[in-house]
Amino acid sequence: MSRSALIENVTAMLADAGFTVSDRCVIRPKSFDVAARRGEDLLFLKVLGNVDAFDAPTGAEMRRLGHYLHGTPIVVGLRTRDQELEPGVVYFRHGVPVISPDTAMDLFVEGVPPLVYAAPGGLYVNIDGDILADEREERGWSLGRLATELGVSRRTVSKYEDGMNASIDVAVKLEDVFGDALTSPVDVLDGADEVRDADPTPDDPEADPEDEPIVAVLTRAGFDVHPTVRAPFKAVGEDTERPSGLLTGHSTLTDAAVKRARIMASVGRVTRTRAVYFVDEAKQESIGGTAIIERSELERIDDPAEFRDLLKERGDDAETEA
């Protein structure tokens, strides 16, 4: 299956599951293919045939976008170079959860989250330590007795009850011993933080020197500006005065820029952020919902309220087609 066909299938599946899906990001560079929202769940999805193609810089970018825009980065893929991705298993690449299309179907359409995750050494599950301790105490078993049943040490059983996860083999033995599953799902929609190494959000890349005047104006207007390097927009602005964000871009208003502005508008609608594109000269004030502002206009703006009003006027009310 081609990657384009795979993206179409995943997009259709998300729509069937009740997600609003953005236009596909077809302009390079692109760290994600589509954004999708259902209620408060916001996803940034990268769809790949071979997930080994997912590199560290793209993973870092997706994690930053997830942090600043309050969403979850996810990779949906078919295989690695060595094997097919197993259904019902969450893998990880560069801190981003990776699932197969079958796992995505179960999670998003059927509402059945995965129970298993891959980590160095094999496949593991979450053990609900409180339930395990309750089951053991109800039987009047000591830690040593349960350890003997499982073929592990007393210290290991104590760690399970304290929240340490277990291998598939141990989970099966626990189910045989107690007759009930003691596992809890992997929370993919929260980035699977409970089972991966929760390292900090990667630092922002350096802003291009040519972006500094724009960054300065946005900062005066009350935005914390986070440059991007692989997204279909140049930066994400976090509004310091209200719970909203801003996607920004800038260039000469070429055909490619018009396409980029349309993608930004579509992503903005899904992520509930405004989008603005700064240009040297423009004949329209909006492209598909992305506000178009000339650099000379930007340089004349001193009042943050004036900038916000201009964004609202051109982004919300002006839908001039390019």
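## Around Arg136

Leaving aside neighbours within four places in sequence, Arg136 is in contact (heavy atoms within 4.5 Å) with Trp141, Ser142, Leu143, Leu146, Glu161 and Phe178. Arg136 is found in helix α4, residues 129–138; helices here are DSSP runs of H or I with at least four residues, strands are runs of E with at least two, and both are numbered from the N terminus. Arg136 counts as buried because its relative accessibility is 10%. Buried means under 20% relative accessible area, exposed means over 50%, and partly exposed lies in between, with a 1.4 Å probe and protein chains only.

## How the model was read

This is a predicted model, where local features need pLDDT of at least 70, side-chain atom pairs count only at pLDDT 80 or more, and totals for chains, interfaces and linings use all residues. Residues are numbered from 1 along each chain as its sequence is written, and side-chain values use heavy atoms, with hydrogens and water left out.

The protein chain averages a pLDDT (the predictor's confidence in each residue, from 0 to 100) of 90, and 97% of the residues score at least 70. Over residues 317–322, pLDDT stays under 50.

## Nonpolar cores

A nonpolar core is a set of buried Ala, Val, Leu, Ile, Met, Phe, Trp, Tyr and Cys residues joined through side-chain atoms within 4.5 Å. The largest one has 54 residues, and those touching the most other members are Phe32, Leu132, Leu146, Leu174, Phe233, Leu247 and Val267. Helix α9 (residues 255–271) gives the most to this core, with seven residues.

Let us look at Leu146. Beyond its neighbours within four places in sequence, Leu146 is in contact with Leu132, Arg136, Trp141, Val157, Leu174, Val177 and Phe178.

## Domains

The domain assignment, which is automatic or from a database, gives domain 1 (3–114 + 189–195), domain 2 (123–184) and domain 3 (211–314). Taken over C-alpha atoms, the centres of domain 1 and domain 2 are separated by 32 Å.

## Ser153

Ser153 has its place in the loop between α5 (143–150) and α6 (154–161). At 36% relative accessibility, Ser153 counts as partly exposed. From C-alpha to C-alpha, Ser153 and Ala261 are 59 Å apart in space, and they are 108 residues apart in sequence.
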